[in-house]
Amino acid sequence: MDKEKQTVKKFYDNWKIENFPKYINLLMEFEEDLLINIINNSDNFKKIKNNLILDCGCGHGSYYNLTKEYNAIYFDFSTNLLKKFEKKHNLKTNKICGDISNLPFKDNSFDLILCINVLEHIKDYKKALMEIKRVLKPNAMAIIVVVNKESCINEDIFNDFVVYHRPLKKSDFNNLMGFDLIKCISFYFIPPLFKIFPAFILKRILSIFHKVDIKLNEIFKNKGQFLYIELKKQE
Ligand SMILES: C[S@@+](CC[C@H](N)C(=O)[O-])C[C@H]1O[C@@H](n2cnc3c(N)ncnc32)[C@H](O)[C@@H]1O
């Protein structure tokens, strides 16, 4: 395993959300709520029925509610986070530990792959994307979320992780061999200065921003803190 991967693994193997200040938890929940909304409203996600899904870099299962009704596999290389996942959701099966750059699955296995806030940690993110493509069925979709390099927000808690972390931009997903980029939007437009407010005020501010976030993306096109990308594997 290379040096960057070792530091990322060590970081997540020691990751304890309960040690973070309240405002970080609130901002992370804000991101999760926005994203769950976007995914639930995606026409391509709505098409998924009794198919096989891979949550690739699932962490401790923040997005479990999106996939729990489906046949899904949860994959991550942090044993710590997979254990937390098991405890939090009482899920004893379907969890696999491994490296995204070398997925232990056969070609053309999955009908949908979620890969949320993982690729920014991978030095060779294109190799990871090619692995995702390999295990996707033809015409199937990958939903990718990354910290946006072209963000006008620059929220330090997502940019300055004390671990290998390199934001990506929309053009990094153009012309990927064997994939069509079918959708790219950005989300999370809360300016970092609001985090100085006490938690109960920040909570109210976040609920206002929640309602306008999609509109803000129409104004500040692709300049939000995160990019949401749908890639379709070509036939
Ligand atoms: C920011 S967390 C995101 C977790 C989850 N997707 C979420 O959004 O809550 C990044 C995750 O990527 C995983 N990860 C990082 N590098 C990886 C790799 N090379 N292979 C597999 N998982 C990796 C970490 O262990 C961690 O769970």
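Predicted model: local features only at pLDDT ≥ 70, side-chain atom pairs only at ≥ 80, totals over all residues.
A disulfide is counted here when two cysteine sulfur atoms lie within 2.5 Å of each other.

**Stop 1: the ligand**

**Stop 2**

Select D76 and show its side chain, where an N or O atom is 2.5 Å from an oxygen atom of the ligand. Then switch to the backbone of G57, which places an N or O atom 2.6 Å from a ligand nitrogen. The backbone of I116 also has an N or O atom by a ligand nitrogen, at 2.8 Å. With the surface drawn, the protein covers 92% of the 590 Å² of accessible area that the ligand has on its own.

**Stop 2: the cysteines**

By the cut-off above, the model has zero disulfides. Select C56 and C115 to check one pair: the sulfur of C115 is the closest cysteine sulfur to that of C56, but at 5.0 Å it is too far for a bond. C56 is buried, with 0% relative accessibility.

Finish at C97, which is in no disulfide either; its nearest cysteine sulfur belongs to C58 and is 9.3 Å away. Is C97 buried, partly exposed or exposed? Its relative accessible area is 42%, so C97 counts as partly exposed.

Technical notes. Residues numbered from 1 in each chain as written. Heavy atoms only, no water. Polar contact = N/O pair within 3.5 Å; in protein donor to acceptor, adjacent residues only side chain to side chain. Areas by Shrake-Rupley, 256 points an atom, 1.4 Å probe, with all protein chains shown as cover. Buried < 20%, exposed > 50% of the residue type's maximum accessible area, 1.4 Å probe, protein only.
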